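This report sets out the fold of a single chain. The sequence and structure are shown first, and the description follows.

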Amino acid sequence: MKRLANYHSHVALCGHAEGIVEDYVIEALKHNYEEIGISDHCPVPISWMKEELYNIFWLNQQMTEADFYEKYLPQFEESINKHKNINILKAVETEYIEGKEAYYKNLLMHLDYLVLGIHFYESDGEFISSYGALTEKDLYNYALIVEKALDTKLYKILAHPELFLYHVGEFLPIHAEITKRIIFAAMKNDVYLEVNANGFYHQKYPRKEFWEIVKEYKNVKIILNSDAHYLKDFHGENVKKAVDFAKELGLNVSSKIDF
Ligand SMILES: [Zn+2]
Ligand SMILES: [Zn+2]
């Protein structure tokens, strides 16, 4: 399996992963990657929501804003100074909460790009988890939050775009409708849709029905990322599965991102 780049992986700062930036860079070098972007879960200020929800979404374990400046960014500087034979990019994976654009914009000033991963979002004023059983209204609000987020032009990649299907058994017309709205938002804003290898862990994504629709649109950009939380997963079995999945479906996956 030949890979040139990976743009979504984590470090121990999020509280549910291992390693530091340097560990993943070494892993990438070992497999002859030309480019690596690391995108740990971004800090979320506790003032944004009730503490109970904050803990449910694991945000209490993630890096704080202080960690971002004092630990996360220095890890990159150290590796960038050390390695000249690989391009190392700084990123975070973030949610999108309306009204907080200034916060995300400020993070981006210190980074190369932002990955949008909607693990939770506001549906009619309530924060809900994307992993739950979403009602019809929640599904439409998922599409809407993707559209609003991508319209800000802050994001380069939409991670595991089919997360709204996590709880879905039978793929219905409404799911196809949401899928198309996501595709259009991505095309309009030049955002890459991600085939996420980490999803093979719980066998919930990548989801064939979703990507079969994506395939119908020739202009949508697609990237394949490991979303590794452990070093063994950076270039591991699930990445191979994702590569095979994309190949079988005939998806036009970019080997590198065009910045
Ligand atoms: Zn994670
Ligand atoms: Zn994610």
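Pro206 lies in the loop between strand E8 and helix H7; helices (H or I, at least four residues) and strands (E, at least two) are DSSP runs, numbered from the N terminus. The peptide bond that leads from Tyr205 to Pro206 is cis, its omega being near 0°. The model is predicted: local features need pLDDT of at least 70 and side-chain atom pairs count only at pLDDT 80 or more, whereas totals for chains, interfaces and linings use all residues. Residues are numbered from 1 along each chain as its sequence is written, and chains are lettered from A and ligands numbered from 1 in the order in which they are written.

Two residues other than glycine are described here for a positive phi. Asp124, in the loop between strand E5 (120–123) and strand E6 (126–129), has phi near 50°. His160, in the loop between E7 and helix H6 (173–189), has phi near 25°. A residue is called buried if 20 or more other C-beta atoms lie within 10 Å of its own, exposed if 12 or fewer, and partly exposed in between, with C-beta atoms placed from the backbone. Asp124 is exposed, because 9 other C-beta atoms lie within 10 Å; His160 is buried, because it has 28 within 10 Å.

## The parallel sheet

An open sheet is formed by 8 strands in the order E1-E2-E3-E4-E7-E8-E9-E10, with parallel pairing; two strands pair if DSSP finds at least two bridges between them. Strand E1 (5–6) and E10 are the edge strands, each with a single partner, so one side of each has no neighbour in the sheet. Helix H1 (residues 21–30) packs on the sheet and touches E1, strand E2 (35–41) and strand E3 (87–94). The direction of H1 makes about 145° with that of E2; axes are lines fitted to C-alpha atoms, for helices over the stretch in contact, and angles run from 0 to 180 degrees between N-to-C directions.

Strand E4 (residues 113–116) pairs in the parallel sense with strand E7 (residues 157–158) over 2 bridges, and Val115 stands opposite Ile157 in E7.

Strands E8 (residues 192–196) and E9 (residues 222–225) are joined in the parallel sense by 4 bridges, with Glu194 opposite Ile223 in E9. The chain passes from E8 through helix H7 (residues 208–214) to E9 in a right-handed β-α-β crossover; right-handed means that, with the strands pointing away from the viewer, the path from the first strand over the helix to the second runs clockwise.

E9 also pairs in the parallel sense with strand E10 (residues 253–254), over 2 bridges, and the partner of Ile222 in E10 is Val253. Here the chain crosses through helix H8 (residues 237–249), and this β-α-β crossover is likewise right-handed.

## Nonpolar core

A nonpolar core is a set of buried Ala, Val, Leu, Ile, Met, Phe, Trp, Tyr and Cys residues joined through C-beta atoms within 7 Å. The largest has 62 residues, and Leu116, Val146, Tyr155, Ile157 and Leu158 have the most contacts inside it. Helix H5 (residues 136–151) provides the largest share of this core, 5 residues.

Residues are in contact if their C-beta atoms, placed from the backbone, lie within 7 Å. Leaving aside residues up to four places away in sequence, Tyr155 touches Leu114, Val115, Leu116, Ala149, Leu150 and Val191.

Methods: Two residues are in contact if their C-beta atoms, placed from the backbone, lie within 7 Å.
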